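Subject: Structure handover

Hi,

Here is the structure we talked about. Please open it first, then read my notes below.

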Amino acid sequence: MKQLLTCLTIAAVTVTSALTITQAQENVKEEVLAAQKQFYQAYESCDAEAMQFLFNEDMMYLHSTGDLQSNKTELLESMVTEDGEADSALASECFLEILRVDVDNIRIYGDAAVLFGDLHVKGKGAPKIKAQLRSSQVFVKQDGQWLFASNASVEPVPLETSLGLAEQQ
């Protein structure tokens, strides 16, 4: 009887520990998703001031066009002109009606998180921009805060329509 109680106690502790770990992982995922949402809301509304605190200094943002902002300063400068207006030719991403990532997959690796999802882009004014892209982001936890570290977005195309593949053949 004593052995049975010991086994049941060990099983209960193991199950409780597993549930606690699972809940902790879910809490971390929610924190990361909240940070990601905050970043894209600030980006969509051209809120450079808010964005300053949402990503790390050496972040990288690779757009589906191949354009790359390779640090915090470059991304913020792409949003504003010399007179402080969010109006530069490089800032077409900033004049967006919609900029949102619907995350469908997230992985946590200690103080790093990798997110995959559908990036929805719709521009205001001319030229009209509307795209549905696949996107991958990395967030890192620094000083207790999840910060945007990287984005790479691509336009999915059927393999047989790939220009790069056509050049190889």
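One cut-off to start with: a residue is buried under 20% relative accessible area, exposed over 50%, and partly exposed in between. Serine 64 has 37% relative accessibility, so serine 64 counts as partly exposed. Keep in mind that this is a predicted model.

**Overall layout**

The chain has 169 residues, and 30% of them count as buried. Its secondary structure is four helices and six strands. Along the sequence the pattern reads α-α-β-β-α-β-β-β-β-α. Take the contacts between residues at least 6 apart in sequence: 44% of them join residues at least 24 apart.

**The sheet**

Six strands make an open sheet with mixed pairing, in the order β2-β1-β6-β5-β4-β3. β2 (68-69) and β3 stand at the edges with a single partner strand each, so one side of each has no neighbour in the sheet. As a reminder, strands of a sheet pair through backbone hydrogen bonds, either parallel or antiparallel.

- β1 and β2 are antiparallel, with two bridges. Leucine 62 has leucine 68 in β2 as its bridge partner. The two strands form a hairpin with five residues between them. Glycine 66, in that turn, has a positive phi of about 100°.
- β1 (residues 55-62) and β6 are parallel, with four bridges. Tyrosine 61 is opposite asparagine 151 in β6.
- β5 and β6 (residues 145-154) are antiparallel, with nine bridges. Serine 136 is opposite alanine 152 in β6.
- β4 (residues 112-123) and β5 (residues 130-142) are antiparallel, with 11 bridges. Histidine 120 is opposite glutamine 132 in β5.

**Serine 64 again**

Where does serine 64 sit? It is in the loop between β1 and β2. Serine 64 and glutamate 155 are 91 residues apart in sequence, yet their C-alpha atoms are 6.4 Å apart in space. Leaving out neighbours within four places in sequence, serine 64 is in contact with Leu133, Ser153, Val154 and Glu155.

**Backbone angles to check**

Most residues other than glycine have a negative phi. Two residues here deserve a look.

- Cysteine 46 is not a glycine, but has a positive phi of about 60°. Its place is the loop between α1 and α2.
- Aspartate 143 is also a residue other than glycine, with a positive phi near 50°. It is found in the loop between β5 and β6. The hairpin of these strands has two residues between them. Is aspartate 143 buried or exposed? Its relative accessibility is 86%, so aspartate 143 counts as exposed.

**The nonpolar core**

In soluble globular proteins, nonpolar side chains tend to be buried together. The largest nonpolar core in this model has 28 residues. Those with the most contacts inside it are Phe39, Tyr40, Tyr43, Met51, Phe55, Phe139 and Phe148. Which elements give two or more residues to this core? They are α1, α2 (48-51), β1, α3 (72-77), β3, β4, β5 and β6. The largest share comes from α1, with six residues.

Not counting residues up to four places away in sequence, phenylalanine 55 touches Phe39, Lys72, Leu75, Leu76, Leu147 and Phe148.

For your selection, the lining is Leu33, Gln36, Lys37, Tyr40, Gln41, Glu44, Ile98, Leu99, Arg100, Val101, Asp102 and Val103. The elements that give two or more residues to this lining are α1 (2-44) and β3 (96-109). By class, the lining has six nonpolar, two polar and four charged residues.

Best wishes

Conventions. Residues are numbered from 1 along each chain as its sequence is written. This is a predicted model: local features need pLDDT of at least 70, side-chain atom pairs count only at pLDDT 80 or more; totals for chains, interfaces and linings use all residues. Side-chain values use heavy atoms; hydrogens and water are left out. On a 1 Å grid over the protein atoms alone, a cavity is a set of points where a 1.4 Å probe fits but cannot get out, and a pocket is an open set with protein on both sides within 12 Å along at least five of seven lines; lining residues have an atom within 4 Å of a point. Ala, Val, Leu, Ile, Met, Phe, Trp, Tyr, Cys and Pro count as nonpolar, Asp, Glu, Lys and Arg as charged, and the others, Gly among them, as polar. Two strands pair if DSSP finds at least two bridges between them. A nonpolar core is a set of buried Ala, Val, Leu, Ile, Met, Phe, Trp, Tyr and Cys residues joined through side-chain atoms within 4.5 Å. Buried means under 20% relative accessible area, exposed over 50%, partly exposed in between (1.4 Å probe, protein chains only). Contact means heavy atoms within 4.5 Å.
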